[in-house]
Amino acid sequence: MRPADVCIALLVAVIWGLAFVASRLALDELSPALMTALRFAIAAVPCLFVRRPDVSWPLLIAISFTLFLGQFLAQAYGIAHGVPVGLSSVIVQSQALFTIAFAVIVFGERPTPMQTAGIGVATIGLLMICGTVGYDFSIGAFAQFDQLQGLVTIWSFIASLSGLSIIITALLGERESAALEVLRAEQRYAQIFNGSPQPLWVHSRDSLRFLVVNDAAARQYGWSRDELLSHSVEILSASAKQPVLPPIHDAYVTADLPLEPFETQHLTKDGRVLEVEVWTQSIDCGGQPGELVFAVDVTERRAFGQALMEAISGEQRRIAQEMHDGLGQELTGLALSVRALANRAQKERDAISYDLDQLALLATSCIQDAHRIVQGLSPLTNADGNLDAALNLLAQRSSMSGVRVHFKSRHEASPLVELKIRNHLYRIAQEAVQNALKHSGAKNIDIEFSSRPGDLRLSIIDDGHGLAVDAATRTGLGMRTMRFRANAIGGRLSISRGANGGNSVICDVPNKALLAATA
């Protein structure tokens with residue numbers, strides 16, 4: 001122990017000893033019961049400011065009455081009837097020996113050699129005092145007792161105090177063990193939280209102020225942890241129209257569909273705008289409602305995806321153009337030439353005319369196959385780039401499966417949309433219709449394309465029973481591709497239950513994305 005600790009321990013011992021002297025002086029004017037009641041009343045004042053221990057009320061009341069009657073009232077009664085205050089102090093403190101023994105036996109604690117030596121010295125001193133007292137019980141309350149009765153009375157009092165000490169020690173030990181386990185769990189979770197490579201934070205659900213931030217989030221946004229903890233999540237806002245967090249009730253989060261990330265933009269300390277995917281989960285953080293947030297920076301991934309999509313679309317258009325202008329024209333010429341030869345052979349009654357006629361039909365079939373391939377590579381080719389016409393053709397072809405597929409368009413303003421955006425919107429509609437035909441069991445599918453001065457909206461709604469229950473279907477390649485295409489054109493894809501059952505797939509493309517694409 002440090003010298004300062006030794007001095008403090010001695011000061012506590014002196015104060016404790018003086019408390020017995022003060023009790024002796026008070027008993028000259030007060031009865032033992034009144035003095036004990038006043039002592040408990042003063043000791044109860046901190047209860048107005050300190051939280052109640054995590055024990056039941058019956059146990060707390062039992063301990064209080066035991067302390068009142070079995071220790072302090074009996075101690076005051078003994079001092080009032082002639083027990084020296086020094087002896088009274090020794091009797092009260094003797095419970096420490098039983099407390100230590102209980103800790104060794106029950107909790108398996110092992111005292112140090114110095115502590116063991118101190119216990120031995122104290123025990124010898126206690127036995128000497130008790131032996132001396134045992135020969136003279138002629139004072140106060142003990143005057144009527146003989147030697148044996150006096151020893152029994154003293155040690156019964158010591159035993160009651162020791163029993164109380166054992167109960168308190170057990171409760172404190174159990175509470176300390178539980179608190180230690182909670183502390184260890186908190187440390188494990190803190191290590192996992194701080195060591196995660198993904199940016200994580202917890203903010204208050206009411207004030208939106210940061211409560212906990214891990215190192216990855218601090219690195220991603222460029223602020224220090226202390227700077228983030230002194231602000232709310234609004235410090236990450238990239239613009240007034242771009243929310244930092246998803247709405248509490250978002251249409252695309254449903255009970256039977258998997259939780260999808262909320263796509264938004266966040267601002268860093270140095271002014272960079274990050275494209276992020278955000279997941280949130282409501283939690284209890286230290287007794288107050290909070291939100292656990294995962295914010296993944298997908299700026300580079302999205303830029304790479306857009307470049308990849310543009311490269312794929314460009315290559316598809318190039319191949320389609322070459323097939324249309326090259327192979328398609330050559331097949332058309334071949335078909336006309338063979339047809340001409342077949343007609344000539346038929347006029348000359350040549351036996352080869354039938355074979356030439358079959359060859360001409362085969363060439364015509366090849367031309368049709370080439371047209372279908374070209375249409376698959378560049379779906380807007382047959383519609384002269386008109387998205388409304390292409391979607392109408394998609395509805396007509398899809399209706400051949402026996403399901404009624406209807407298309408309608410509503411345009412408040414004439415949409416000027418870049419070919420890249422039209423291609424992606426068509427592919428989204430194509431994938432959504434195919435999913436509905438394969439999985440929903442729908443009888444009706446409605447495709448609607450609308451435009452307003454502020455944005456475009458493409459919706460595909462069916463009246464089936466929805467997608468298959470298995471997560472593989474709901475989060476398969478088709479779903480990811482649709483969401484990826486929506487991201488590539490700056491739009492947002494939402495998937496939810498329709499008003500009449502089935503599924504609703506909606507892609508919204510804001511005016512800002514249209515202007516960026518045409519710039």
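## Strands 4 and 5

Strand 4 and strand 5 (residues 288-297) pair in the antiparallel sense through ten bridges. Pairing requires at least two DSSP bridges between two strands. Strands are DSSP runs (E, at least two residues) and helices are DSSP runs (H or I, at least four), numbered from the N terminus. This is a predicted model: local features need pLDDT of at least 70, side-chain atom pairs count only at pLDDT 80 or more, and totals for chains, interfaces and linings use all residues. Residues are numbered from 1 along each chain as its sequence is written, and side-chain values use heavy atoms, without hydrogens and water.

Two residues separate the strands in this hairpin. Gly 286, in the turn, has a positive phi of about 60 degrees. Ser 282 stands opposite Glu 291 in strand 5. Val 276 faces Asp 297 in strand 5.

## Strands 3 and 4

Strand 3 (residues 262-267) and strand 4 (residues 273-285) are antiparallel, with six bridges. Val 276 in strand 4 also stands opposite Thr 264. Five residues lie between the strands of this hairpin, where Gly 271 takes a positive phi near 95 degrees.

The open sheet has five strands in the order 2-1-5-4-3, with antiparallel pairing. Strand 2 (210-213) and strand 3 are at the edges with a single partner strand each, so one side of each has no neighbour in the sheet.

## Helix 1

Leu 25 belongs to helix 1 (residues 3-26). Leu 25 counts as exposed because its relative accessibility is 57%; exposed means over 50%, buried under 20%, partly exposed in between (1.4 Å probe, protein chains only).
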